[in-house]
Structure formats: structure tokens, C-alpha cells
Amino acid sequence: MLKLKYLLLFFIASAFANVHKYYVSVTEINIIESSGTIQISSRLFIDDLELALQNIYANESISLSNADSEKVQNMIKTYVITHFKIDVNKEQIDLNYLGREYEDDVIYIYMEAEGLDEISSIKIYNSILFDTYQEQEHIIKTKTEKKSKSFILNKSKSFKVLNI
């Protein structure tokens, strides 16, 4: 009877050993045409971003629990600005990195662009964490003054063009 319990325990443990972890982020983009402003907030898992930064800065000891340090903040900013881009009317715009917040195991990253003239189209490019996880997906939620749209970006489709 004891052998049967151990055998059953072994099969249960084996079944869960191959559980697939999902790699997903969520980005919300508010496009305010009347003021020429784009507001962006992205939610990423802290451990995923930490691993991406460790892969890039291999000679550095990186812990996002010490993210108040200017050095770590610059690493986060550089990584995000490099991997997240927006084109408005077929021209790449500069995004202002506003900062970050933590909630449990999630980091919220905030960016914006201001002073944009008439916004007729927007191209959203997001390759954050693609260098770390092949399976990474980004749920993108866009909202304008007239409509909302959601879509998913992944390594094989890292951008989307929307007509506003």
C-alpha cells in the first residue's frame, strides 16, 4: 500500500513538472487626439524584467528590489525605450520615460509623448522580453477618444499599425 502511495505521488509530481509558464505583459495606450498626447503604461513581471536586464548587463549584479538606485533606473529606462517604440503618421516619436511603480510581483512602467500634431495613424512596436523569452506575448489595449482596440504582439509579429 505504501508503494502505491509513493507511485501515485510520483505520477502526480511528474504531471506537474512539465507545466508551461506563460510569458505575458499588458500595455495600455491612451491616445488623446485633442491634446496631441499619448500615455502608456506597461505591466511586466518583475522577475522577467530582472532576468532580461541580467542577460544584457552580464557583469552587473541586478536586483529590482534595489530599483531605487539611479543605476538600476537607467538600466530599466534604456531597456524599455530600446524595445518599445511608437510611430505617429509614419514618423518615430520620442517617448518620455516617466518612471515605474511596484505592486506585488509586477512592475508598472509609465511613458508618454506630448505635443503631437494631428494623429491619423500609429505604429506600435514592442519587443520587450523577446530577447529573453521566445514565447513572450504582449497584450496591447489602445483607447482613443472615439474607440478602443486590443491585440496581441509576439516575436513573429512585433508591431501593429492602427488608423485613428
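**Local backbone and surface features**

L129 is placed in the loop between β7 (121-126) and β8 (137-143) of what is a predicted model. For this residue, which is not a glycine, phi takes a positive value of about 70 degrees. Most residues other than glycine have a negative phi. With a relative accessibility of 2%, L129 counts as buried, because the term applies to values under 20%.

A positive phi is also found at N89, a residue other than glycine, where the angle is near 50 degrees. N89 belongs to the loop between β3 (84-88) and β4 (91-92), and its relative accessible area of 29% makes the residue partly exposed, since that class lies between the limits of 20% and 50%.

H83 is part of helix α3, which comprises residues 70-83. The relative accessible area of H83 is 15%, so that the residue is classed as buried, the limit for this class being under 20%. When residues up to four places away in sequence are left out of the count, the contacts of H83 are with Y125, N126, S127, I128 and D131.

On the surface, a patch of negative charge is formed by E101, E103, D104 and D105.

Technical notes: Residues are numbered from 1 along each chain as its sequence is written. This is a predicted model: local features need pLDDT of at least 70, side-chain atom pairs count only at pLDDT 80 or more; totals for chains, interfaces and linings use all residues. Side-chain values use heavy atoms; hydrogens and water are left out. Patches are made of residues with over 30% relative accessible area and no salt bridge: like charges are joined within 9 Å, nonpolar side chains (Val, Leu, Ile, Met, Phe, Trp, Tyr) within 5 Å. Accessible areas come from the Shrake-Rupley method with a 1.4 Å probe; for residues, only the protein chains shown count as cover. A salt bridge is a side-chain nitrogen of Lys or Arg within 4 Å of a carboxyl oxygen of Asp or Glu. Lys and Arg count as positive and Asp and Glu as negative; His and the chain ends are not counted. The place of a charge is taken as NZ of Lys, CZ of Arg, CG of Asp or CD of Glu. Helices (H or I, at least four residues) and strands (E, at least two) are DSSP runs, numbered from the N terminus. Buried means under 20% relative accessible area, exposed over 50%, partly exposed in between (1.4 Å probe, protein chains only). Contact means heavy atoms within 4.5 Å.
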